[in-house]
Amino acid sequence: MCLGVPGQVTKVNGLTADVDFWGVEKEVRLDTVDEPVESGDYILNHVGFAIRRIPESEIDETLTLYESMMGGDPDDMLREDLIDEVEAAGSTAPESNDTPANGDAEPANAEDAEDLLDELDIDV
Amino acid sequence: MSDRDRVPGGPTGDVTGSGAGENALEFRDPEKANALAERAAELVAAIDAEQVSVMHVCGSHEQSIAKFGLRSMLPDGLELRMGPGCPVCVTDMPEVDEAVALAKAGVTVTTYGDMLHVPGTSMSLSEARDAGADVRVVYSAAEAVEIAEKVDDEVVFFATGFETTAAPTAAVITGGPPENFSVLSAHKYVPPAMEVVAAMPDTEVDGFLAAGNAATITGWGLFEELAEETETPITVGGFEPLDILAGLVALLKDIRDGERTVRNAYPRCVTEVGNEPAQEQLWEVFTTESGEWRGIAHIPDANLVLRDEYADVSARERFDIDTEPLSGTGSSLVDDCICGDIMAGRANPTDCDMFGEECTPENPVGACMVSSEGTCKIWHEYGGRPDL
């Protein structure tokens with residue numbers, strides 16, 4: 001119930017949007033989103049509400065991260081939580097080649113955090 | 001080997017590319033993870049203290065830490081503990097009793113699935129449902145409103161969680177729900193609880209690793225006051241193992257240097273100001289009030305209650321909730337539960353005699369064993385803290 005799930009907006013209907021989560025559409029409320037969204041944008045959905053419009057530059061990394069977290073050990077709790085959230089949002093768990101888009105993204109990494117370490121002059 | 005004996009990440013402290021489970025997600029960059037762990041060890045060694053204590057406040061952080069066996073990579077002198085970061089766990093028993101009392105009185109009670117099995121004084125919502133009450137699990141506050149729209153009877157949304165779920169609750173309240181809809185708020189606001197826990201005499205906190213998801217709403221700037229008041233550095237961290245390790249390294253550097261800084265190690269989701277429209281909605285509807293955090297303490301200004309302007313949507317105003325018949329009939333095991341000490345960072349799940357014995361995810365005694373964000377359930381799942 002904590003992390004939220006990314007999806008792609010297919011249609012905006014005023015204060016709600018149709019959002020595609022790995023192939024299944026679900027209506028998501030836009031009341032709490034931080035930036036205006038339009039069709040084609042990606043949002044982070046949390047309990048049925050968009051809480052963030054994902055900036056263009058972060059879409060690939062975000063999708064890859066979620067797909068990797070949802071793969072793997074079926075007994076894994078983190079995976080379970082995410083899949084629960086995707087399923088509750090109206091979708092099923094992603095299949096390996098059935099991603100919303102940008103399926104060939106580079107693996108996610110910790111570039112963000114590395115920038116911070118650079119700023120702090122911490123060499124790893 | 002029982003679940004309790006499982007050791008995530010192996011005993012060697014070396015990252016081999018696999019985490020706790022046999023098919024666990026691989027580190028995408030084990031070399032980087034090892035380098036970060038080494039850097040953390042150097043920093044801990046440079047800090048003039050027998051033990052350095054870092055507290056995080058998020059179930060998703062604990063899941064990642066336990067799953068990848070991060071504790072086994074970190075130096076002996078670094079204690080990494082989960083504080084009051086599980087919203088289900090800190091929901092106070094009398095709050096659960098209120099929801100149970102409403103359900104037993106014939107009101108339809110809707111709530112998040114995590115709340116269903118949390119013990120009240122005499123019963124949980126799921127037990128009330130088994131006894132015939134109308135209790136329904138919803139995925140979203142909006143779904144609770146949809147249920148109310150379809151029926152004439154009263155529908156209460158038992159609203160739990162931190163800022164990330166409080167903002168959606170606020171949104172459905174300002175959105176003009178039907179007249180038969182009301183909210184029983186058990187929403188909690190984390191920063192005051194961090195302050196109280198940091199000040200507890202028997203809890204050591206040298207630095208906080210703050211939750212990146214809640215900060216998506218609140219922004220990292222919110223923590224500056226807290227860092228100042230608790231004289232404790234704070235780093236906002238993401239949830240990948242490398243994010244967590246890098247956040248820890250940044251935090252350890254600040255601890256070593258005696259800085260009281262707030263740093264953002266999760267900039268791909270968190271900005272200084274956060275999600276302003278969501279904050280506006282949250283504070284339009286809610287205000288803070290003092291209240292109990294289950295087993296931890298009475299915490300000033302950390303319960304989110306509806307403002308007077310929205311009293312007509314408050315289940316506490318609408319109904320005369322009588323929890324008296326539910327009192328004093330609870331399990332005697334509950335008295336031995338140390339969930340509160342665990343959430344205050346004073347104890348680990350393995351310090352509890354009931355952990356994995358009388359208390360399991362199938363038969364939880366305390367809330368920490370119920371929620372997937374609870375420390376006990378996470379440790380039970382992943383094997384807990386390895387012997388170093």
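# A tour of chains A and B

Start by selecting B:Glu163, which sits in helix α8 (residues 163-174) of chain B. Helices (H or I, at least four residues) and strands (E, at least two) are DSSP runs, numbered from the N terminus. Everything here is a predicted model: local features need pLDDT of at least 70, side-chain atom pairs count only at pLDDT 80 or more, and totals for chains, interfaces and linings use all residues. Residues are numbered from 1 along each chain as its sequence is written, chains are lettered from A in the order in which they are written, and side-chain values use heavy atoms, leaving out hydrogens and water.

**Stop 1: a buried charge**

Stay on B:Glu163. Which side chain of opposite charge is nearest to B:Glu163? That is B:Lys188, 12 Å away. B:Glu163 is buried and has no salt bridge. Buried means under 20% relative accessible area, exposed over 50%, partly exposed in between (1.4 Å probe, protein chains only). A salt bridge is a side-chain nitrogen of Lys or Arg within 4 Å of a carboxyl oxygen of Asp or Glu. Lys and Arg count as positive, Asp and Glu as negative; His and the chain ends are not counted.

Now show the contacts (heavy atoms within 4.5 Å).

**Stop 2: aromatic pairs**

Over all chains, the structure holds 4 aromatic pairs. Rings of Phe, Tyr and Trp (its six-membered ring) pair if their centres lie within 6.5 Å; planes under 30 degrees apart count as stacked, over 60 as edge-to-face and the rest as tilted.

Select B:Tyr112 and B:Phe157. Their pair is edge-to-face, 5.5 Å centre to centre, with 80 degrees between the planes. B:Tyr112 lies in strand β3 (residues 108-112) of chain B and B:Phe157 in strand β5 (residues 155-161) of chain B, so the pair ties together parts 45 residues apart in sequence. Both B:Tyr112 and B:Phe157 are buried.

Next, select B:Tyr189 and B:Trp283. This pair is also edge-to-face: 5.1 Å centre to centre, 85 degrees between the planes. B:Tyr189 is in the loop between β6 (181-187) and α9 (190-199) of chain B, while B:Trp283 is in helix α13 (residues 276-285) of chain B, 94 residues apart. B:Tyr189 is buried at 12% relative accessible area. B:Trp283 is partly exposed at 29%.

**Stop 3: the cores**

A nonpolar core is a set of buried Ala, Val, Leu, Ile, Met, Phe, Trp, Tyr and Cys residues joined through side-chain atoms within 4.5 Å. The largest has 78 residues, and B:Leu125, B:Phe223 and B:Ile296 touch the most other members. Helix α5 (residues 93-104) of chain B gives the most to this core, 6 residues. Click B:Leu125: beyond four places in sequence, its contacts include B:Ala99, B:Val109, B:Met115 and B:Phe158.

A second, separate core of 50 residues includes A:Ala50, A:Ile54, A:Leu63 and B:Leu282.

**Stop 4: chain A**

Switch to chain A, with 3 helices and 5 strands. Along the sequence they run β-β-β-β-β-α-α-α. Of its 124 residues, 54% are buried.

**Last stop: confidence**

Colour by pLDDT, the predictor's confidence in each residue, from 0 to 100. Chain B has a mean of 88. In residues 1-25 of chain B, pLDDT stays under 50. Where pLDDT is low, the predicted coordinates should not be read in detail.
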